[in-house]
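Keep the sequence and the model open while reading.

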Amino acid sequence: RIVYLNGAFLPEHEAHISIFDRGFLFGDGIYEVTAVLEGKLIDSALHMARLERSVREIGGHLPVSTDEIVAAEKRLIVENNIQEGLVYLQYTRGAEDRNFFYSDDLEPTLVMFTQAKTLEHVAAVEKGLKVKIVPDQRWERRDIKSVCLLPQVLAKRTAKAAGCDEAWMVEDGFITEGASSTAYIVTADGRIVTRGNSNAILPGCTRLAVLQLAEEAGLVVEERPFSVEEAISAQEACLTSASNFVVPITSIDGKPVGDGTPGPIFKRLRALYMENAR
Ligand code: PDD
């Protein structure tokens, strides 16, 4: 596999990063995951806008323009012959001797690589995913797509131990989001409910695209927090992310959602998103 490291395109075994990289030592970095379908980047402009925002929020600077980043991602897709999968990008503040304070002239580290993965025809679309409810143990700036993912790793570990596929994180009785996805429920009268953007969640790029498509299609969207009880008794539930697009949730904490099968609003959202992606 060819990967990108600070302007160079290299075989993966030739791409080396310092053990003093602040991403490694402090989790001082930002990442993005963008889907690839039929060799094309999906929602690329949204991911680049969020990357710029995250980097700005930590007082960093991108070493190259987002146009150059997108060109590099496209080159990786071609060189690695990716039809369907993901492009991972990681920015860190750079490498120097360990010190919480960083030098102002530090050169950032920028890495990109591709992962081949089936995204469209996956079993989850027919079967649905199982979700486990866990406490949200993250910090108060979840709007920044930071590489500090230990709370999410532990949340997924708990979910897996319970035989589930994803964790929905809870704060003050309300769902914030999935460990790596945006959370939605559908009410008995067909309204799509998802939490509004704030520092409490990551502003999902797929979320933005899906909500716009839903509204254009005349579906009713309600941006507000929803409780664990409301989720468990919802008509439908689903999640969105770059690595899943839109997938249904058929069980929450071992209880079936609705009749336990993917519902019509989910199917509509998935169809709208996939149609728009091509
Ligand atoms: N995760 N919320 C969290 C906490 C996430 O980590 C993600 C994405 C999302 C969905 O965002 P988007 O639609 O822009 O992918 C919501 C990526 C896929 C990951 O960590 O692999």
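For residue classes, Ala, Val, Leu, Ile, Met, Phe, Trp, Tyr, Cys and Pro count as nonpolar, Asp, Glu, Lys and Arg as charged, and the others, Gly among them, as polar. By these classes, the shell around the ligand has 4 nonpolar, 8 polar and 2 charged residues.

The model is predicted: local features need pLDDT of at least 70, side-chain atom pairs count only at pLDDT 80 or more, and totals for chains, interfaces and linings use all residues. Residues are numbered from 1 along each chain as its sequence is written.

**Overall form**

The protein has 8 helices and 15 strands. Helices (H or I, at least four residues) and strands (E, at least two) are DSSP runs, numbered from the N terminus. The C-alpha trace spans about 55 × 40 × 35 Å along its principal axes. For 278 residues, a compact globule would have a radius of gyration near 19 Å, and the protein agrees, with 19 Å. That radius is taken over C-alpha atoms, and the globule rule is 2.2 Å times the number of residues to the power 0.38.

**Around the ligand**

The ligand is surrounded by 14 residues; the closest are L202, G204, C205, T206 and A242. Which element gives the most to the shell? Helix α6 does, with 3 residues.

**Helix packing**

Two packed helices are described by the angle between their axes and the distance between the axes. Axes are lines fitted to C-alpha atoms, for helices over the stretch in contact, and angles run from 0 to 180 degrees between N-to-C directions.

| Helix pair | Angle | Axis distance |
|---|---|---|
| α2 (44-57) and α6 | about 135° | 9 Å |
| α6 and α8 (264-277) | about 110° | 10 Å |
| α2 and α3 (66-79) | about 130° | 11 Å |

Angles under 35 degrees count as roughly parallel, over 145 as roughly antiparallel, 65 to 115 as roughly perpendicular and the rest as oblique. Residues are in contact if their C-beta atoms, placed from the backbone, lie within 7 Å.

Take α6 and α8, packed at about 110°. This makes α6 roughly perpendicular to α8. Here A209, V210, L213 and A214 in α6 meet L269, L272, Y273 and N276 in α8. The contact of α6 with α8 has 7 nonpolar, 1 polar and no charged residues.

Helices α2 and α6 are oblique to each other. In their contact, L46, H47 and R50 of α2 meet C205, L208 and A209 of α6. These residues divide into 4 nonpolar, 1 polar and 1 charged.

Helices α2 and α3 are also oblique to each other. S44, M48, L51 and E52 of α2 make the contact with T66, I69 and V70 of α3. The contact of α2 with α3 holds 4 nonpolar, 2 polar and 1 charged residues.

Terms used
Near = placed C-beta within 6 Å. Contact = placed C-beta atoms within 7 Å.
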